[in-house]
Amino acid sequence: MSAVADKRLAVLGYHKIGDPPPGEYPTWNYVPEVTFVDHLHFLRGTDWEVTEFDALLRGLSEPEGLPRRTAVLTFDDGYRSMQTLVQHLLQRFDYPAVLFVPTGFVGRSNEFDAGIEPPEPICDWADLRELGRQGISVQSHGVSHRRLSELSWVEVREEIERSKRELEAGLDRPVEAIAYPYGDAGDQADELDRLLEASGYRAGFL
């Protein structure tokens, strides 16, 4: 077996760490703080190396440069608990992470999950810039947090291009990856790949 073939990549995906707001109900999107810390302890005690996002992107074209066991910590939606809780836990372990944010909801709440998830505030631009300074790479989660399979191709293009443009303007940093809302990349895979490449993306997360 070649050295590259022996490598493994684990993408750990989270939404919310901690408890729901007072009086609200927990859902599967909530990971208790103690459980999340257990995950971080597990990674620290094994041969998995939590990798910065830029290193992961380089590893897509140069996999020989990745650790033998590469782990990437990702968070969807940009909940404000990233600023008030999660970044402090990550700093304790000196771990980087990736945050995928729908730009249409920056500084608002998770209205896209109304009636399904408890309302939670989403980071504003100042929060996102501070998270970036703390080693959390902010990337695209579209604009409207809609499933790509439910959109026209014109709308898909708008989600892809506008979210990148807005994030780069708000953060003054390059945006090179997207996580598809609900893991839904639509039904035009080849066309989507070409659109992502033409728009300057280097990775899409399901």
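Tyr 14 is buried, and so is Phe 36, where buried means under 20% relative accessible area, exposed over 50% and partly exposed in between, with a 1.4 Å probe and protein chains only. This is a predicted model, in which local features need pLDDT of at least 70 and side-chain atom pairs count only at pLDDT 80 or more, while totals for chains, interfaces and linings use all residues. Residues are numbered from 1 along each chain as its sequence is written, and side-chain values use heavy atoms, with hydrogens and water left out.

**Aromatic pairs**

- The structure holds 7 aromatic pairs, counted for rings of Phe, Tyr and Trp (its six-membered ring) with centres within 6.5 Å, and classed as stacked for planes under 30 degrees apart, edge-to-face over 60 and tilted for the rest.
- Tyr 14 and Phe 36 are edge-to-face, because their ring centres lie 5.0 Å apart and their planes stand at 85 degrees.
- The rings of Phe 53 and Phe 205 have centres 6.2 Å apart and planes at 40 degrees, so this pair is tilted.
- Phe 53 counts as buried at 3% relative accessibility, and Phe 205 is likewise buried, with a relative accessible area of 13%.

**Charges over rings**

- Arg 147 lies over the face of Tyr 182, at 4.4 Å from the ring centre; the criterion is NZ of Lys or CZ of Arg within 6 Å of the ring centre and within 35 degrees of the ring normal.

**Around Ser 199**

- Ser 199 counts as buried at 17% relative accessibility.
- Ser 199 and Lys 164 are 35 residues apart in sequence, with their C-alpha atoms 8.4 Å apart in space.
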